[in-house]
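Trainee: I am new to this structure. Could you walk me through how its parts pack together?

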Amino acid sequence: LYQTDIPVELLGNVDIVDWMALRKMRGRDAFGQQTAPAAARLLYLRGHWLRMPPFMLARHLVQKFRMRRRKAPE
């Protein structure tokens with residue numbers, strides 16, 4: 001990506017997070033729509049997991065879920 005030289009010792013060492021990030025960056029169609037929604041969602045959740053302790057994350061996600069349920073059209 002971006003024609004950056006990759007050190008020889010790093011070649012072939014791609015973990016799942018690297019794969020998801022590349023998939024998300026490259027996953028756009030001609031109209032700019034996301035074609036890799038699973039990778040995008042997993043990276044989003046991983047970002048929250050790294051920033052919040054499990055209890056705080058669970059509380060945060062429950063609050064977001066409740067807010068969205070209240071705003072949903074019936």
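Mentor: Gladly! This is a predicted model, where local features need pLDDT of at least 70, side-chain atom pairs count only at pLDDT 80 or more, and totals for chains, interfaces and linings use all residues. Residues are numbered from 1 along each chain as its sequence is written, and side-chain values use heavy atoms, leaving out hydrogens and water.

Trainee: How are the axes of H1 and H2 placed, parallel or oblique to each other?

Mentor: The axes of helix H1 (residues 16-26) and helix H2 (residues 37-51) come within 9 Å and cross at roughly 125 degrees. Axes are lines fitted to C-alpha atoms, for helices over the stretch in contact, with angles from 0 to 180 degrees between N-to-C directions. Under 35 degrees counts as roughly parallel, over 145 as roughly antiparallel, 65 to 115 as roughly perpendicular and the rest as oblique. H1 and H2 are therefore oblique.

Trainee: Which residues of H2 make the contact with H1?

Mentor: Contact means heavy atoms within 4.5 Å. H1 brings Val 17, Met 20, Ala 21, Arg 23 and Lys 24. From H2 come Ala 39, Ala 40, Leu 42, Leu 43 and Arg 46.

Trainee: Which residues in H3 does H2 meet?

Mentor: The axes of H2 and H3 come within 9 Å and cross at roughly 130 degrees. That makes H2 oblique to H3. On the H2 side are Tyr 44, His 48 and Trp 49, and they meet Pro 54, Leu 57, His 60 and Lys 64.

Trainee: Which element gives the most to the lining of the largest pocket?

Mentor: The lining consists of Arg 41, Tyr 44, Leu 45, Leu 61, Lys 64, Phe 65 and Arg 68. H2 and helix H3 (54-71) each give two or more residues to this lining. With 4 residues, the element that gives the most is H3.

Key. 1 Å grid on protein atoms, 1.4 Å probe; cavity = no way out; pocket = protein on both sides within 12 Å on 5 of 7 lines; lining within 4 Å.
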